[in-house]
Amino acid sequence: MQERSKVIFGNVISGKAYKKAVRSKQKYQKKYGDDSNANYPVRIEKNPYIGDSLGVRNVLIGDLEQNAHYDPKNHFPEEAFDTEKGIIVGNIRMGFGHYRISMAMASAAKAMGYTPYWMDLNSYRQTTCTKVIGAQNDLYSLGSRLSKNPLFNRLVWEPMNYEGFRALTYNSSDQKNAELMAPVYRNIPKEIPVIGTHVWPAQAAIHAGMKHVVNAIPDNWPMALHLSEGSVHTIQCHNAYMGYKILNGMNKDVVNKPMPDGALVYTGHYIDHELVSNIETDCKARMERKAAGKPMRFLLTIGGAGAQKEIFAAIIKYLIPYIKEQKAALYVNVGDYKNVWDALLQEIPEMKALSTEHFDQWEETEDFAQKALDAEQDVTGIHGFWHANIFEAVYCTNLLIRSADVLVTKPSELAFYPIPKLFIKRVGKHEMWGAIHSAEIGDGTLECRDIPHTLQMVDMLLNDDLILNDMCNNIMVNKSIGIYDGAYKVVELAMGMKENK
């Protein structure tokens, strides 16, 4: 195994930082064991939730019962890897973002005639890999929740997300920890291309000897956190290219050696085929609804950490009079966190009489999303969506995006999606660049960092005739120049690495 914690793209890591990285790995080994000699069997099964729509097959590792995605009620016969047309989408569940990017990759792969294999490194509960990722995910979730405290956010959370994760020394520790994740790839055919939608699946794949690895970087604030030397790195935005190329600011004021030619590729935004292929149709429908004075459809996506619940509650309260007058309609997707919906109902009793609950009935959700695309179909009231299964919880937003007029979201992975967007306050300073990029290409607002500015933007979207139409026109122009083609380009790049070896 090549040592990737001492030298990163030719930049030597100090002995002190390297020893810290070694201690980090040893800490996890002591707590969670070392299964580097384990020989986990691999099984392939059709994903019962997005297998049909996105062509996804689950990669199960080790004992079936120890796989988070194994469901004996939906147990499909085993398959063999398609070593000609197969492509692995390596991911982790850390919030919804990395799953959503993975779904975009799977969607593009299916549309291009390939078979996407879903490999969630946070789902193999008997492995050291999953235990290490789970521990770090728990810490990140805790930080996200604590970020509601302004002092913690200013002194700890934003500096960590903006500068702490930026340092090459952080990547050194990550690379050392990723050595503990490599065993899950042991029995995966090494020729199958891997797309990592988080750096750990990419790093682990490289450590395991996978030959064709693409590391799809989600953020456009350059951070060493996202580096997986040995893989090809892709980015969604031109404005991040130079920062990654020269590893800008990743070793304080030191001028670093740059990433070599071929290690970094601009692709555009990672977006699902179903959304990209319908951009013109959906944008024209939005403008027609606006012109006809139909209820403006706001889509709120709310995570489980609860860091922004107060903002969403304020938006809902503000919109209720408009909803009653049928000037606005509301989609609220709480993912797999029903407690968030219950808390909103408790805080805003008026919601109940206006709401239709689409809860854990996937076919009903699909039917609603399809009917809402009908130009003759008016959507009124509040529609709440909750699904216990993580795949349905995440993909629900994708289904609703097509018929929604405005997506209300923090400026994270959804900042890149081709729908007019209202950006609420970020969670982590690195996210602010998603809103900056979106505003620059004209498909989203500025980041509204407090409730009064957020409500001002809601009011302007409702009552101004230009903003929504301008965003829709910009989205169609952006499509014409390939800005939303990133997922296709990443798949093309990964399969090309194999074909051009």
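Modeller: Rolling a probe the size of a water molecule over the atoms shows where empty space is left. In this predicted model, the residues lining the largest cavity are Glu45, Lys46, Pro48, Asn58, Leu60, His69, Tyr70, Asp71 and Asn74. Strand S3 (42-46) and strand S4 (57-61) are the elements that each give two or more residues to that lining.

Biologist: How many cavities of 30 Å³ or more does the structure hold, and how much space lies in the largest cavity?

Modeller: The structure holds 2 cavities of 30 Å³ or more. The largest cavity has about 50 Å³ of space, and its lining comprises 3 nonpolar, 3 polar and 3 charged residues.

Biologist: Which residues line the second largest cavity, and which helix gives the most to its lining?

Modeller: Its lining is formed by Leu275, Asn278, Ile279, Asp282, Arg286, Ile401, Arg402 and Pro418. Helix H10 (residues 279-292) gives the most, with 3 residues. The volume of this second cavity is about 40 Å³. By class, its lining has 4 nonpolar, 1 polar and 3 charged residues.

Biologist: Let us turn to charged side chains. How many salt bridges does a search of the whole structure find?

Modeller: Side chains of opposite charge can pair when their charged atoms come close. The search finds 26 salt bridges. In one of these, the side chains of aspartate 261 and lysine 245 meet at 3.4 Å, N to O. That pair links distant parts of the chain, 16 residues apart. Aspartate 261 is in the loop between strand S10 (250-253) and strand S11 (264-266), whereas lysine 245 is in helix H8 (residues 241-245).

Biologist: And how should I read aromatic rings: how many aromatic pairs does the count come to?

Modeller: The count comes to 15 aromatic pairs. Among them is the pair of tyrosine 318 and tyrosine 322, which is tilted, with 5.9 Å from centre to centre and 35 degrees between the planes. Both tyrosines lie in helix H11 (residues 309-324), 4 residues apart, or about one turn of the helix.

Biologist: Finally, the surface. Which residues form a nonpolar patch there?

Modeller: Leu151, Leu155 and Val156 form such a patch, and together they have about 270 Å² of accessible area. Of these residues, leucine 151 lies in helix H5 (residues 150-162).

Methods:
Residues are numbered from 1 along each chain as its sequence is written. This is a predicted model: local features need pLDDT of at least 70, side-chain atom pairs count only at pLDDT 80 or more; totals for chains, interfaces and linings use all residues. Side-chain values use heavy atoms; hydrogens and water are left out. Patches are made of residues with over 30% relative accessible area and no salt bridge: like charges are joined within 9 Å, nonpolar side chains (Val, Leu, Ile, Met, Phe, Trp, Tyr) within 5 Å. Accessible areas come from the Shrake-Rupley method with a 1.4 Å probe; for residues, only the protein chains shown count as cover. A salt bridge is a side-chain nitrogen of Lys or Arg within 4 Å of a carboxyl oxygen of Asp or Glu. On a 1 Å grid over the protein atoms alone, a cavity is a set of points where a 1.4 Å probe fits but cannot get out, and a pocket is an open set with protein on both sides within 12 Å along at least five of seven lines; lining residues have an atom within 4 Å of a point. Grid points are joined across faces, edges and corners, and a volume is the space filled by probe spheres set on the points. Ala, Val, Leu, Ile, Met, Phe, Trp, Tyr, Cys and Pro count as nonpolar, Asp, Glu, Lys and Arg as charged, and the others, Gly among them, as polar. Rings of Phe, Tyr and Trp (its six-membered ring) pair if their centres lie within 6.5 Å; planes under 30 degrees apart count as stacked, over 60 as edge-to-face and the rest as tilted.
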